[in-house]
Amino acid sequence: MKNKKTYDFYFKKYQEEGYSESSAERKALEKAQEKRIIKIASIAGVVVIGLIITALSMYTVDTGSVAVIKTFGKVTEIKQEGLHFKVPIIQTKQKMTVREQTIKFGREEEFPALSVSTKDMQTVEIELTVSDITHDPMKLYQSFTGNHVSSLLLPRVRDAVQSNVSKYSIEEFVAKRNVLAQDIFDELKKELEPYGLTLTNVSIVNHDFSDAYEQAVENKKVAEQAVETEKAIQNKKIIEAEKSIELAELEIEKKKLLAEANKIETESLSDAILYKMWLEKWDGKLPQVTSDKSTIMMPFDK
């Protein structure tokens, strides 16, 4: 109906302008078709713009994240997980992760291992992990506009590790590594809490000493082993000397006992016993050669 009115309007107009009936009819049809196309294009444009606005307005927030909404650049609200809408151009969003995150410091990690000094000025390279949860995303975003890792966590972790390691000698560091990790945790927890971060864990994964210290430790072990070896040799010599003294004392005691026995035996031999012993050994023969002056001596002759 609207197209018929448009056609009639232009058909009458062109006739009044002096066009023939056929020309007026043809031009009126063209004009009506042109108007129809413009109308359809306008409707389509409005639909497309509406779809674009809807697309720009609609957004989703995943589990473990939030959306920080800014209105004219000012943080106005925090949206939790789910489907949400915002005013295009006027409002913008910035997504933040609020679930537990872990920063790793190491030779093969995103952030390099931390090189710090002990109380006795020895260099230690520490690999560690730091885990945290965002409990106040608005406060954290307002403080660091989404750059809290580089602006807050990294420098604070480095400072806390250095300040606590410097309280220990290198031997104490090895013996009390778990205590050191707890000290670092306690210090960081107090510093991060006001910014909306809750620290959940600090763990020292590995450590490495300087080449000079490791060489010194090796030299010390070699020296200690040499001392122990020398002690063993000296102890062996002492034991052998003590055994020699004991053997000598036993030999002296043996000789004393033997001499005492001989003395007792000698004192116990009477003339009769000696005469009997001589008779037991005599074969009963008298000497074959004698002289006028010779005499046969019998034992114990008086």
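How many helices and strands does the secondary structure of the protein chain come to? Colour the chain by secondary structure and count eight helices and nine strands. Keep in mind that this is a predicted model.

**Whole chain.** The chain exposes about 21400 Å². Carbon and sulfur atoms supply 56% of that area. Next, think about contacts between residues at least 6 apart in sequence. Of these, 62% join residues at least 24 apart.

**Helix α2.** Now select residues 21–57, which form helix α2. This helix has 37 residues. Draw a distance from its first C-alpha to its last: the reach is 54 Å. That is close to the 54 Å expected at 1.5 Å a residue.

Stay on α2 and show side chains. Which residues of α2 are buried? Pick out Ala 24, Ala 28, Ala 32 and Ser 57.

**Helix α6 and Leu 192.** Move to residues 177–192, helix α6. Select Leu 192, which belongs to this helix. Is Leu 192 buried or exposed? Leu 192 counts as buried, because its relative accessibility is 0%.

What is Leu 192 in contact with, leaving aside its neighbours within four places in sequence? Show Leu 152, Leu 153, Leu 197 and Leu 199. Finish with Leu 153. Leu 153 and Leu 192 are 39 residues apart in sequence. In space, their C-alpha atoms are 8.1 Å apart.

Methods. Residues are numbered from 1 along each chain as its sequence is written. This is a predicted model: local features need pLDDT of at least 70, side-chain atom pairs count only at pLDDT 80 or more; totals for chains, interfaces and linings use all residues. Side-chain values use heavy atoms; hydrogens and water are left out. Helices (H or I, at least four residues) and strands (E, at least two) are DSSP runs, numbered from the N terminus. Contact means heavy atoms within 4.5 Å. Accessible areas come from the Shrake-Rupley method with a 1.4 Å probe; for residues, only the protein chains shown count as cover. Buried means under 20% relative accessible area, exposed over 50%, partly exposed in between (1.4 Å probe, protein chains only). The expected span of a helix is 1.5 Å times one less than its number of residues.
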